[in-house]
Amino acid sequence: MTFMTPEGGIEWFRVFEVFMLLLIGIGPKIALVPFVDLTADLPKETQVAVANKAVRTAIVWALVLVVLGWFLMALLHFSTGSVLVAGGIVLLLMSLHMLVSGSETEDHVEGHGEKDPMDMAYYPLAVPYILNPVGIAVLVIASSQLPSILSFDTAILIAIVLLVGLIDLVMFRNIETISKFMDPAKLGVTEAVFGVLLAALAVELMVHGLVELGVITAHLAT
C-alpha cells in the first residue's frame with residue numbers, strides 16, 4: 001500500500017479511502033450503542049474515564065497492528081486472503097447480532113452488570129466494538145503492504161489512525177450530551193440499517209478473501 005504518486009505527491013483519494021475504512025474499523029458507530037448501554041448508570045466522571053481507556057486501548061492496539069501486522073502474518077503463516085475471510089466471518093456475526101437483537105449489547109449488559117467499569121473499557125468496548133474486525137483486517141493488510149516501517153506511507157497511516165482515534169475520543173467523552181438526542185426508536189432503525197450494510201461489507205471481505213486464496217476467480221467475484 002502506498003499513499004504516494006509516482007511524482008512524489010500524496011494520493012489523496014487513497015488517503016480518503018483508507019480513512020473511510022478505518023472510520024468503520026476503529027470509528028465510533030459500532031461502539032456507540034454498546035457504550036451508551038454499558039455506561040448508562042455510571043457517573044459522568046466514570047463515563048469519561050471509561051471512554052479514555054477504551055479509546056486509548058483500541059488505538060494502541062491499532063498502532064501495534066500498523067507496526068507489527070506484517071510480522072504477525074509471517075510468524076503465524078496466514079495470508080491476506082485468510083485475514084479477509086476471518087474478518088468477514090466475525091463482522092457478519094456482529095452484524096447479524098445487530099439485526100436480530102433488540103439491543104446490540106443486551107447480552108453484554110447482563111454479563112457485565114457486576115464487572116468493574118474500567119474492565120469493560122478493554123472488553124467489549126475497546127475490542128471488538130471500537131477496534132472491530134474491519135479495522136483489524138485493514139491494518140494487518142496495510143502493514144504487510146507498506147514499503148517500510150520508516151516510510152512516509154507509514155506516517156500517513158499512523159496519522160489516519162490517530163485522527164480516527166481523536167474522533168472516537170470526542171464522541172465518547174461527550175456521550176452524555178449525545179445520548180440526549182438519541183431517540184431509542186429511531187436508533188433501533190439506524191442500527192438495523194447499519195447492520196445490513198455491515199453484513200454486505202462482511203460478505204465483500206469474504207469474497208475478496210476467497211479470490212486472494214484462489215478458491216473463486218476474480219471474474220466470479222465481480
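**Notebook: surface, core and patch**

I began with the surface: the accessible surface of the protein chain comes to about 11,400 Å², and carbon and sulfur atoms account for 70% of it. I note that the model is predicted.

I then looked up the secondary structure. The protein chain has eleven helices and zero strands. Of its 222 residues, 41% are buried. I also checked the contacts between residues at least 6 apart in sequence; 81% of these join residues at least 24 apart.

Next I turned to the core. The largest nonpolar core holds 52 residues, and Leu-22, Ile-26, Leu-139 and Leu-157 have the most contacts inside it. Elements giving two or more residues to this core include helix 1 (12-25), helix 7 (133-145) and helix 8 (152-173). The largest share, ten residues, comes from helix 3.

Apart from neighbours within four places in sequence, Leu-157 is in contact with Phe-3, Val-18, Leu-22, Val-66, Leu-139, Ala-142 and Leu-146.

I examined helix 2 (residues 29-39) separately and recorded that eight of its eleven residues are buried. Among them are Ile-30, Leu-32, Pro-34 and Phe-35.

Finally, I looked up a nonpolar patch on the surface. Val-67, Leu-68, Trp-70, Phe-71, Leu-75, Leu-76, Ile-149 and Leu-150 form this patch, with about 780 Å² of accessible area together. Val-67 lies in helix 3.

Methods. Residues are numbered from 1 along each chain as its sequence is written. This is a predicted model: local features need pLDDT of at least 70, side-chain atom pairs count only at pLDDT 80 or more; totals for chains, interfaces and linings use all residues. Side-chain values use heavy atoms; hydrogens and water are left out. Buried means under 20% relative accessible area, exposed over 50%, partly exposed in between (1.4 Å probe, protein chains only). Helices (H or I, at least four residues) and strands (E, at least two) are DSSP runs, numbered from the N terminus. A nonpolar core is a set of buried Ala, Val, Leu, Ile, Met, Phe, Trp, Tyr and Cys residues joined through side-chain atoms within 4.5 Å. Contact means heavy atoms within 4.5 Å. Patches are made of residues with over 30% relative accessible area and no salt bridge: like charges are joined within 9 Å, nonpolar side chains (Val, Leu, Ile, Met, Phe, Trp, Tyr) within 5 Å. Accessible areas come from the Shrake-Rupley method with a 1.4 Å probe; for residues, only the protein chains shown count as cover. A salt bridge is a side-chain nitrogen of Lys or Arg within 4 Å of a carboxyl oxygen of Asp or Glu.
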